[in-house]
Amino acid sequence: MKPFTELLQPHILALAPYSSARDEYTGSEGVFLDANENPLGSVGSSQNYNRYPDPYQHAIKTELARIKGVNPNQIFLGNGSDEAIDLLIRAFCKPSHDQILIMPPTYGMYEVSANINNVGIVRVPLTADYQIDVAAVQAAITPQTKILFICSPNNPTGNALNPQHIQTLLDTFEGIVILDEAYIDFCPETSWLSKLDSYPNLVIIQTFSKAWGLAGLRVGMAFAQAGPIAVLNKIKPPYNISLVTQQIVLESLLHESEKDAMVAEILHQRVSLAAALETFSFVQKIHVSDANFLLVQMLNAKQIFDYLIDNQVIVRNRANVILCSDCLRISVGTQAENEVLLQKLAMWE
Ligand code: PMP
């Protein structure tokens with residue numbers, strides 16, 4: 001395995017981290033005349049938002065490190081995990097030269113970020129049962145393939161990927177493996193986080209947008225050994241997580257059991273929803289889910305999608321996505337929301 005420093009774009013290796021205005025003072029009290037802030041307060045608010053936030057989010061990382069069993073220097077926080085995905089592509093892929101490898105059907109942002117950064121995309125579809133085609137992936141890798149994206153549980157299929165396959169790719173791929181665990185709180189036993197220390201080129205992505213219920217705040221996590229995390233910190237915008245966001249995330253971390261209770265309720269609702277969907281004659285297959293959504297194959301999926309929209313029930317149409325023909329992706333809602341969906345579907349039938 002190549003050291004990650006050899007995989008990095010050389011100009012990034014040479015960069016120094018941005019030094020923010022308050023780097024040389026670690027206290028919280030003082031006369032702060034260094035950052036051109038407004039000393040009088042915040043317009044329209046009695047709260048003080050006039051000071052810049054901690055660029056490295058120390059308080060959150062201390063708490064998160066404890067919860068996740070990692071070191072604070074193994075954590076990067078981004079403006080959504082989408083920011084981490086974008087920064088990783090920028091760090092490791094040379095535009096018009098390098099490639100990422102993705103396994104469709106999968107999360108769309110890998111492709112979007114690669115395109116924005118003018119980085120090539122190699123696509124090796126999952127097998128018909130939504131698992132990794134390991135031999136095909138290995139055959140498709142070229143010296144330009146710098147990042148391999150593995151999404152588990154995978155979006156939009158919902159299933160966790162076979163750990164043996166992930167292991168083989170981790171053991172054989174020379175580049176960076178990004179393992180996207182956005183939905184990991186719904187099947188925590190499948191996480192690779194505890195194995196981070198064995199894989200210097202592994203980056204694990206998680207998010208506060210799903211189980212933690214903080215999608216509106218935009219906070220994602222990347223976990224890796226200290227080296228790659230230091231690189232992300234070098235190239236991130238200095239104040240990428242706002243003051244309000246940092247306060248709310250910290251508070252959430254102190255209420256982890258609430259997250260666990262919500263996950264349990266969503267998993268419970270997923271079972272009921274799947275059982276109810278199964279009774280409709282037009283439903284052909286409900287794919288195995290390890291996440292908070294169901295991929296459902298049905299007759300006339302596109303017509304049902306449109307009909308639901310007309311009835312103010314919005315699901316995701318995946319009918320035209322590779323290996324997902326005739327499928328809708330349905331997030332698990334509250335019991336009341338799921339009942340509305342089921343009632344509308346009963347009227348369709
Ligand atoms: N990864 C996967 C697999 C996702 O489905 C999503 C959101 N839909 C994300 C990452 C991004 O999450 P966020 O940017 O909200 O952290």
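Mentor: Gladly! Let's begin with residue classes: Ala, Val, Leu, Ile, Met, Phe, Trp, Tyr, Cys and Pro count as nonpolar, Asp, Glu, Lys and Arg as charged, and the others, Gly among them, as polar. This is a predicted model, in which local features need pLDDT of at least 70, side-chain atom pairs count only at pLDDT 80 or more, and totals for chains, interfaces and linings use all residues. Residues are numbered from 1 along each chain as its sequence is written.

Trainee: What makes up the shell around the ligand, by class?

Mentor: The shell has four nonpolar, six polar and two charged residues. Among the residues surrounding the ligand are Tyr107, Cys151, Asp180 and Thr207; a residue is near a molecule if its C-beta atom, placed from the backbone, lies within 6 Å of it.

Trainee: Why is Thr142 called exposed?

Mentor: A residue is buried if 20 or more other C-beta atoms lie within 10 Å of its own, exposed if 12 or fewer, and partly exposed in between, with C-beta atoms placed from the backbone. Thr142 has 12 C-beta neighbours inside 10 Å, so Thr142 counts as exposed. Thr142 lies in the loop between helix H6 (134-140) and E4. Helices (H or I, at least four residues) and strands (E, at least two) are DSSP runs, numbered from the N terminus.

Trainee: Why is strand E5 described as largely enclosed by the rest of the structure?

Mentor: Strand E5 covers residues 176-180, and four of its five residues are buried, so E5 is largely enclosed.

Trainee: How do you know that E4 and E5 pair?

Mentor: Two strands pair if DSSP finds at least two bridges between them. Five bridges join strand E4 (residues 145-151) to E5, and the two run parallel. Ile147 stands opposite Ile176 in E5. E5 also pairs with strand E6 (residues 202-207), in the parallel sense over four bridges, and there Leu179 stands opposite Ile204.

Trainee: What makes the unit of E4, helix H7 and E5 right-handed?

Mentor: A crossover is right-handed if, with the strands pointing away from the viewer, the path from the first strand over the helix to the second runs clockwise. E4, helix H7 (residues 163-172) and E5 make such a right-handed β-α-β unit.

Trainee: Which strands are the edge strands of the open sheet?

Mentor: Four strands form that sheet in the order E8-E9-E11-E10, with antiparallel pairing. Strand E8 (283-286) and strand E10 (316-317) are the edge strands, as each pairs on one side only.
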